[in-house]
Amino acid sequence: MKDAGAEPFLSVRDLRVHFDTDDGLVKSVDGVSFDVRPGQTLGIVGESGSGKSVTSLGVMGLHRTARARISGEVWLDGEELIGADEDHVRTLRGRKMAMIFQDPLSAMHPYYTVGSQIVEAYRVHHDVSKKVARARAVEMLDRVGIPEPTKRVDSYPHEFSGGMRQRAMIAMSLVNNPELLIADEPTTALDVTVQAQILDLIRDLQKEFGSAVIMITHDLGVVAEMADEILVMYGGRCVERGTAESVFYEPQHPYTWGLLGSMPRIDREETDRLIPVKGSPPSLINVPDGCAFNPRCPYADLPKDNLTRTVRPDLRELTSGHFSACHLTQEERTRIWTEEIAPKL
Ligand SMILES: Nc1ncnc2c1ncn2[C@@H]1O[C@H](COP(=O)(O)OP(=O)(O)OP(=O)(O)O)[C@@H](O)[C@H]1O
Ligand code: SF4
Ligand SMILES: [Mg+2]
């Protein structure tokens, strides 16, 4: 049920999440905007520490600490959530939106059985008996590939292996058929077969309920398979965004070129491969002036007047729906892409 023309189910505008810390202000997310339509999947990619999880927790309204400064707009099904009543946002979590957390332990309570937690999550939003909810919990555990779910439903989280805990948490996130699902590295701890099973389950949810999905992953293969649109994050900002096709086949940002260069390819010799991005991500307390990527960018000297080191590039729409934040001219980008990058990908 993909409808690219439908109204977005989720609209995020200029989201900023900054944290006051003893070392200074951490600008974890610094002006990110995107839409996700019903039935569509947005893939968010970027290195560790680029702000992917903080963005998702911001959408879910889970940053309510005194040290978090949040601004911007998060529209869920026509309702603005930033600044909305906390109890109201809590009801929306679970009923309309759910998240598969990167760390399964953070989502499960150690003192209650896995089954009772799924039952609880279901009954908050469905007026059904415990028996009916328990049957639903067993069904969900079965669907995420937990063996002997009728027995395992009564286990405690610590009695599960890491991979099983992750699957149980996925079962809990999906139990209410959320209209928005944020999956934060949902399959990293799982083996390939289970990973495929989980991705199928998410696709089924989308097909059946037209759910909007945000898929955060380091695995560009998963993004290629699942995403309709891709958002590339660097240093708390979006550096490139567009349809999956345009970002994969006509990427316009030097950082995206580097990410694609680090994708494993079995059909090529190591020597012909594009070199992945060197160096490490920026500190989010002292983000470099100008383009945050400039200390690592092989093309930082090309734009005139030292622009890359002094002026932050805006996210500009290059072709319909395809945005990039880089000072290179269209001619420079096209030349580098066709002569240096594309032949090596
Ligand atoms: N509560 C907090 N207080 C201070 N800094 C934080 C807080 N939460 C996150 N950060 C910082 O924000 C930055 C972005 O973190 P985030 O977890 O979003 O990264 P990520 O892109 O999800 O990385 P990964 O791929 O490793 O999961 C990191 O530098 C992190 O240290
Ligand atoms: S603005 Fe400059 S440093 Fe940033 S990605 Fe573009 S060329 Fe590289
Ligand atoms: Mg993360």
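# Notebook: a predicted model with two ligands

I began with leucine 231, which counts as buried because it has 26 C-beta neighbours inside 10 Å. My cut-offs: a residue is buried with 20 or more other C-beta atoms within 10 Å of its own, exposed with 12 or fewer, and partly exposed in between, with C-beta atoms placed from the backbone. This is a predicted model, where local features need pLDDT of at least 70, side-chain atom pairs count only at pLDDT 80 or more, and totals for chains, interfaces and linings use all residues. Residues are numbered from 1 along each chain as its sequence is written, while chains are lettered from A and ligands numbered from 1 in the order in which they are written.

**Leucine 231**

I placed leucine 231 in strand E9, residues 229-234. Helices (H or I, at least four residues) and strands (E, at least two) are DSSP runs, numbered from the N terminus. Which residues is leucine 231 in contact with, leaving aside its neighbours within four places in sequence? I found Phe34, Leu42, Ile44, Cys238 and Arg241. Contact here means that the C-beta atoms of two residues, placed from the backbone, lie within 7 Å. I also looked up isoleucine 216, 15 residues from leucine 231 along the chain; their C-alpha atoms are separated by 9.6 Å.

**Ligand 1**

I counted 14 residues around ligand 1. The closest are Ser28, Ser48, Lys52, Ser53 and Val54. A residue is near a molecule if its C-beta atom, placed from the backbone, lies within 6 Å of it. Strand E1 (10-21), strand E2 (24-36) and helix H1 (52-59) each give two or more residues to this shell. Which of them gives the largest share? I noted H1, with three residues. By class, the shell has four nonpolar, nine polar and one charged residues. The nonpolar class is Ala, Val, Leu, Ile, Met, Phe, Trp, Tyr, Cys and Pro; Asp, Glu, Lys and Arg are charged; the others, Gly among them, are polar.

**Ligand 2**

I then turned to ligand 2, which 13 residues surround. Cys291, Asn294, Cys297, Thr308 and Cys326 are the closest. The classes here are ten nonpolar, three polar and no charged.

**Records and domains**

I checked UniProt, where an unreviewed entry places the feature "domain: ABC transporter" at residues 12-260. Such annotations may be inferred rather than shown by experiment. Over residues 12-260 I read 41% helix and 27% strand, with the end C-alpha atoms 26 Å apart. The domain assignment, automatic or from a database, gives domain 1 (109-176) and domain 2 (251-344). Their C-alpha centres lie 44 Å apart.

**Helix H7**

I took helix H7 next, residues 162-174. Its 13 residues reach 19 Å from first C-alpha to last, close to the 18 Å expected at 1.5 Å a residue. The expected span is 1.5 Å times one less than the number of residues. Why is H7 largely enclosed by the rest of the structure? Eleven of its 13 residues are buried, so the rest of the structure largely encloses H7. Among the buried ones I listed Met164, Arg165 and Leu174. The cover over them includes strand E6 (97-100), helix H4 (114-125), helix H5 (130-143) and helix H8 (192-209).

**Between H11 and H12**

I looked into the loop between helix H11 (254-261) and helix H12 (307-310), where serine 283 lies. Serine 283 counts as partly exposed because it has 14 C-beta neighbours inside 10 Å.

Phi of aspartate 305 is near 55°, a positive value in a residue other than glycine. I read a phi near 55° for asparagine 306 as well. Most residues other than glycine have a negative phi. Aspartate 305 counts as exposed, with 9 C-beta neighbours inside 10 Å. Asparagine 306 is exposed, with 12 other C-beta atoms within 10 Å.

**Two glycines**

Is glycine 61 buried or exposed? I found it buried, with 21 C-beta neighbours inside 10 Å. Glycine 61 sits in the loop between H1 and strand E4 (68-76). Beyond four places in sequence, glycine 61 is in contact with Leu81 and Val89.

Glycine 321 is in the loop between strand E11 (316-319) and strand E12 (322-324). I counted 12 C-beta neighbours inside 10 Å, so glycine 321 is exposed. Leaving aside neighbours within four places in sequence, glycine 321 is in contact with Gly242 and Thr243.
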